[in-house]
Amino acid sequence: MAATHRVPLILMHMRGTPRTMQKMPFARDVMKDVVNGLKRSVAVARRAGVVKNKIVVDPGIGFGKSFEQNYELLAKLDEIAKLGYPLLVGTSRKGFLGKTLARNGKPAPAEERIWGTAATVTASILGGAHIVRVHDVAEMAQVARVADAIVYNGV
């Protein structure tokens with residue numbers, strides 16, 4: 001469909017299905033799993049006729065990854081960016097942020113994860129992300145503008 005209509009295609013990595021992704025064993029080497037999975041998805045898309053400049057890759061933060069693996073992916077986004085495709089990252093209000101920001105043993109509620117989201121949006125852009133998926137658009141647009149200014153030396 002994407003090839004036929006020449007529209008952009010986002011390829012997101014996920015272990016399992018939405019129903020099973022957090023129940024399956026996590027990858028032993030999350031970077032290898034994500035990079036190889038995205039390479040396979042890109043190859044399928046290219047064979048189907050999707051042109052390279054229409055492909056965007058997404059490491060699938062939170063989709064079949066452990067708490068620690070989400071942070072590892074964020075810390076090593078540059079390795080995924082080396083695939084040569086625009087990189088999309090979606091961390092907004094995710095559960096791993098709630099766990100990080102927990103108080104009294106309870107995860108922070110989604111609506112209280114804005115500053116954690118801001119930190120991950122900044123890290124994502126500094127790590128090579130071209131697109132960030134967020135809930136709090138006005139606030140994260142400011143975060144993205146400042147992070148872009150850092151990446152592009154104020155230009």
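**Alanine 110 and the loop**

I began with alanine 110, which counts as partly exposed at 31% relative accessibility. My cut-offs: buried means under 20% relative accessible area, exposed over 50%, and partly exposed in between, with a 1.4 Å probe and protein chains only. Alanine 110 lies in the loop between H5 and H6. I also checked its distance to glycine 98: the two are twelve residues apart in sequence and 6.8 Å apart in space, C-alpha to C-alpha.

**Ground rules**

I am working with a predicted model, where local features need pLDDT of at least 70 and side-chain atom pairs count only at pLDDT 80 or more, while totals for chains, interfaces and linings use all residues. Residues are numbered from 1 along each chain as its sequence is written, and side-chain values use heavy atoms, with hydrogens and water left out. Helices (H or I, at least four residues) and strands (E, at least two) are DSSP runs, numbered from the N terminus.

**Helix H3**

Which residues of H3 are buried? I found Gln69, Asn70, Leu73 and Leu74 buried in this helix, which spans residues 67-75. They sit on the same side of H3, because they cover an arc of only 140° around the axis; the arc is that of the directions from the helix axis to the C-beta atoms. On the other side of H3, I noted Glu68 and Ala75 as exposed. I then looked up what covers the buried residues of H3, and the list includes helix H2 (30-47), helix H4 (77-81), strand E3 (88-90), helix H5 (95-100) and helix H6 (114-126).

**Aromatic rings**

I counted two aromatic pairs. The rule: rings of Phe, Tyr and Trp (its six-membered ring) pair if their centres lie within 6.5 Å, and planes under 30 degrees apart count as stacked, over 60 as edge-to-face and the rest as tilted. Phenylalanine 67 and tyrosine 71 have ring centres 5.3 Å apart and planes at 70°, so I logged that pair as edge-to-face. Both lie in helix H3, four residues apart, about one turn of the helix. Phenylalanine 67 is partly exposed at 25% relative accessible area, and tyrosine 71 is partly exposed at 29%.

The rings of tyrosine 71 and phenylalanine 96 have centres 5.0 Å apart and planes at 80°, so that pair is edge-to-face. Since tyrosine 71 lies in helix H3 and phenylalanine 96 in helix H5, the pair ties together parts that are 25 residues apart in sequence. Phenylalanine 96 counts as buried, at 6% relative accessibility. I wrote down Phe67, Tyr71 and Phe96 as one aromatic cluster.

**Around H7**

Is aspartate 136 buried or exposed? At 14% relative accessibility, I have to call aspartate 136 buried. Its place is in the loop between strand E4 (131-133) and H7. Leaving aside neighbours within four places in sequence, I found aspartate 136 in contact with Arg93 and Ile114; contact means heavy atoms within 4.5 Å.

Last, I looked up tyrosine 152, in the segment after H7. Tyrosine 152 counts as partly exposed, at 47% relative accessibility.
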